[in-house]
Every structure is written in C-alpha cells, then in structure tokens.
Amino acid sequence: MERDSGQSISFFRKYLVFVLICLFGYFGQVCIMPYIVLFDVTPNLLFVMVGIVTVAYGKLRTFWLAIIYGLLMEIMCPSVPLLNLAIYVLSPLFCSFAFADKPLKTIEYERATNNQRKELSPWLRTLLCTLLNTLVYEVIHITYIYLNGYALLPAHFIRGLTDLVLTGLLALILMFPVRRAILGPRSRTQVLQSKPVTFSKS
C-alpha cells in the first residue's frame with residue numbers, strides 16, 4: 001500500500017514536471033531568450049527542452065511536446081507559413097528514434113536473449129539530440145534563403161554554427177537540474193532486478 005502510494009506520487013510528480021517543462025520552454029524562449037544575445041545570436045531553448053524530454057521521457061512525450069511547441073511557434077511567432085510547425089514537429093520526432101531510451105520490453109528481450117547493446121550515456125544523448133535538432137533547423141533556414149534567390153554569405157554559416165555552439169552550451173547547463181527534477185532522487189530510479197534468461201543446447 002505504501003509502495004503504491006509512493007509510485008503514484010512519483011508518477012504525478014514526473015508528469016507535473018513535464019507540464020512545467022512545456023511552459024518553461026515556450027515562455028523562456030519568447031520572453032527571456034530574446035534578451036540573451038551573444039554575437040547577435042539567441043540560443044534555442046525549445047530544442048534544449050526537446051532534447052531533455054527525448055531522453056528522459058521517450059518518443060511519445062517528445063511527440064506531444066514537439067506538437068505543442070510547433071503550434072505555439074507557428075501561431076505566436078509566424079515567419080514562413082508552416083515552417084515552424086514542420087521543423088519543431090518532424091525534426092524531434094525523427095531524432096527521438098535515435099536518442100530516446102529503449103522501451104522496457106526491448107531491454108527485457110535483450111536480457112533474455114543475452115544480446116544486450118550498450119547505449120550511450122543519457123547526458124551525451126541529450127546533448128547530441130539537442131545539437132542535431134538545432135543543426136536541422138539551421139540547415140533548413142539556410143536552404144530556404146538559397147531557394148529564395150539570395151546569395152549565401154559566410155555570415156549565414158557563421159551564424160548557424162554560433163547558434164549550434166550556444167544551444168549546446170545551454171543544454172549542458174540545463175540538462176543536469178532538469179533531468180534530476182524529472183527522475184527524482186537516484187533511489188527512485190527504476191532498475192530491472194530480474195536475471196537474464198539463458199538457453200542451453202540440448
């Protein structure tokens with residue numbers, strides 16, 4: 001009974017943090033980040049939150065977060081029609097397949113067949129996911145500039161690289177406290193206790 005109560009509290013806290021991440025990401029991007037400008041570039045807080053959620057929550061929550069951010073950016077900060085919606089939804093969705101944690105069923109199957117594959121550190125996957133989403137965003141913007149007949153200048157590529165570096169630094173700063181808020185104390189982290197199943201040839 002006490003254990004079930006603790007699990008319910010942990011479940012509620014985890015999804016309360018998810019809602020707070022949604023709000024913090026959007027309002028931070030539109031209200032705070034415009035004042036944090038380095039080399040005429042503002043880091044992308046939305047992709048930092050997406051990277052953290054991808055690894056900590058998995059594909060489904062990443063999809064919902066991406067839709068929320070895509071719709072909000074498309075409605076409140078429109079630029080090219082449907083471009084924000086496409087970038088903020090499709091890029092995180094495809095990146096989640098590469099960087100999200102494996103489902104528990106997959107882990108159990110690999111343990112049962114003695115075919116476990118080592119994953120990269122969650123911290124590294126969070127950073128890589130953030131950087132890949134930002135890279136896709138910048139490549140699409142540079143491609144759009146080129147397709148509209150403008151000459152591509154070194155400044156365009158320097159700006160994209162600067163955005164990539166600054167967003168990566170922001171991810172390094174935020175991913176530790178945000179992941180700890182999501183997962184809670186180390187003792188609450190779920191660990192598979194069952195031993196791997198072995199098969200012997202008859």
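The following legends describe close-up views of a predicted model.

In this predicted model, local features require pLDDT of at least 70 and side-chain atom pairs pLDDT 80 or more, whereas totals for chains, interfaces and linings use all residues. Residues are numbered from 1 along each chain as its sequence is written, and side-chain values use heavy atoms, without hydrogens or water.

**View A. A nonpolar surface patch that includes F12.** The patch is formed by F12, L16, V19, L20, L23 and F27, which together have about 590 Å² of accessible area (Shrake-Rupley method, 1.4 Å probe, only the protein chains shown counting as cover). Patch residues have over 30% relative accessible area and no salt bridge; nonpolar side chains (Val, Leu, Ile, Met, Phe, Trp, Tyr) are joined within 5 Å, like charges within 9 Å. F12 lies in helix α1 (residues 2-32); helices are DSSP runs (H or I) of at least four residues, numbered from the N terminus. F12 counts as exposed because its relative accessibility is 57% (exposed, over 50%; buried, under 20%; partly exposed, in between; 1.4 Å probe, protein chains only).

**View B. The largest nonpolar core and I21.** This core has 30 residues, and I21, V48, M49, Y57, Y69 and I182 have the most contacts inside it. Its largest share, 10 residues, comes from α2. A nonpolar core joins buried Ala, Val, Leu, Ile, Met, Phe, Trp, Tyr and Cys residues through side-chain atoms within 4.5 Å. Leaving aside residues up to four places away in sequence, I21 touches M49, V53, Y57, Y69, V178 and I182 (contact: heavy atoms within 4.5 Å).

**View C. The salt bridge between E138 and R159.** The side chains meet at 3.5 Å, N to O (criterion: a Lys or Arg side-chain nitrogen within 4 Å of an Asp or Glu carboxyl oxygen). E138 belongs to helix α6 and R159 to helix α7, so the pair ties together parts 21 residues apart in sequence. E138 is buried at 8% relative accessibility, while R159 is partly exposed at 41%.

How values were computed
Helices (H or I, at least four residues) and strands (E, at least two) are DSSP runs, numbered from the N terminus.
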